[in-house]
Amino acid sequence: MSDSVLRSELRLAAVAGWLCAAVLLVNTAESAELLPDAPATQLVAPLGQIFAIGFVLGLYLAVRTVGGRLLRAGLVANVAAIAGLTGAAFVLNLVFPYLDRPRIDDLLAGPLGPALVVVSLFLVVATLTFVAGLWRAGAAPRAALVLYAVAALPIGLRAFVPELALQSGLVLIAAAIVWLSLWLWQRAAGARADGAHG
């Protein structure tokens, strides 16, 4: 991979992170009833997870040569968890709003309910593993990593925490993603194809 390609990929990941954060903030504002619940926001909601995959891949790319097996395991788990959440986001935002409450309750009483809980809990484990790998690599800003990890807890435990805790987690993780995306953008300026710190 050439230096210019690596720089472009890190910048693209940074942009994906900023877009992810923007979608998360829109979703949070909507759930807090600061924005109206509309078809446009429902359609945009799942894009947060899609952008998150590009962001996570960029973080991995930035430190892959010094990350080791923990980082690789965290990457695989994190991408899988985010992919699962993408499916959940499509159901929650593009299907549930058009069903009546008894039908939603029936669906949640079946395998869908436990599947949503498992995916959310898996996100916590995957995120903490990935952050631990990034921490061990020693490249990304550690305060941003702590914020990212702490914010993931109420998001992954959404079935067990109050709505305010979930909304706070979404705002905090958006802030962490903005911070880490800025780091990716700055890192792109000194990126070398061998993946060394630069």
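Predicted model: local features only at pLDDT ≥ 70, side-chain atom pairs only at ≥ 80, totals over all residues.

Trainee: Which loop holds Glu-33, and what is its phi?

Mentor: Glu-33 sits in the loop between α1 and α2 (39–44). Its phi is positive although Glu-33 is not a glycine. The value is about 65 degrees.

Trainee: On to the helices. Are α1 and α7 roughly parallel or antiparallel to each other?

Mentor: Take helix α1 (residues 3–31) and helix α7 (residues 163–189): their axes are 8 Å apart and the packing angle is about 160 degrees. Angles over 145 degrees count as roughly antiparallel. So α1 and α7 are roughly antiparallel.

Trainee: Which hand does the crossing of α1 and α7 have, and how many nonpolar residues are in their contact?

Mentor: α1 passes α7 in a left-handed crossing. Sorted by class, the α1 contact with α7 includes five polar and four charged residues. The nonpolar count there is 20.

Trainee: Which element gives the most residues to the largest nonpolar core?

Mentor: That core has 46 residues, and Tyr-148 and Leu-184 have the most contacts inside it. The elements giving it two or more residues are α1, α3, α5 (112–137), α6 and α7. The top contributor, with 14 residues, is α3.

Trainee: What does Leu-184 touch, leaving aside its neighbours within four places in sequence?

Mentor: Leu-184 is one of the residues with the most contacts inside the core. Beyond those sequence neighbours, its contacts are Leu-10, Ala-13, Ala-14, Phe-55, Gly-58, Leu-59 and Ala-62.

Trainee: Now Leu-70: is it exposed, partly exposed or buried?

Mentor: Leu-70 belongs to helix α3 (residues 47–94). Buried means under 20% relative accessible area, and exposed means over 50%. At 27%, Leu-70 therefore counts as partly exposed.

Trainee: How far is Leu-70 from Val-131, C-alpha to C-alpha?

Mentor: Leu-70 touches Thr-129, Ala-132, Gly-133 and Arg-136, not counting residues up to four places away in sequence. Leu-70 and Val-131 are 61 residues apart along the chain.

Notes. Residues numbered from 1 in each chain as written. Heavy atoms only, no water. Axes fitted to C-alpha atoms, helices over the stretch in contact; angles between N-to-C directions. Helix = DSSP H or I, 4+ residues; strand = E, 2+ residues; numbered from the N terminus. Parallel < 35°, antiparallel > 145°, perpendicular 65-115°, else oblique. Left-handed = near helix turned anticlockwise from the far one by under 90°. Nonpolar A, V, L, I, M, F, W, Y, C, P; charged D, E, K, R; others polar. Buried < 20%, exposed > 50% of the residue type's maximum accessible area, 1.4 Å probe, protein only. Contact = heavy atoms within 4.5 Å. Core = buried A, V, L, I, M, F, W, Y, C linked by side-chain atoms within 4.5 Å.
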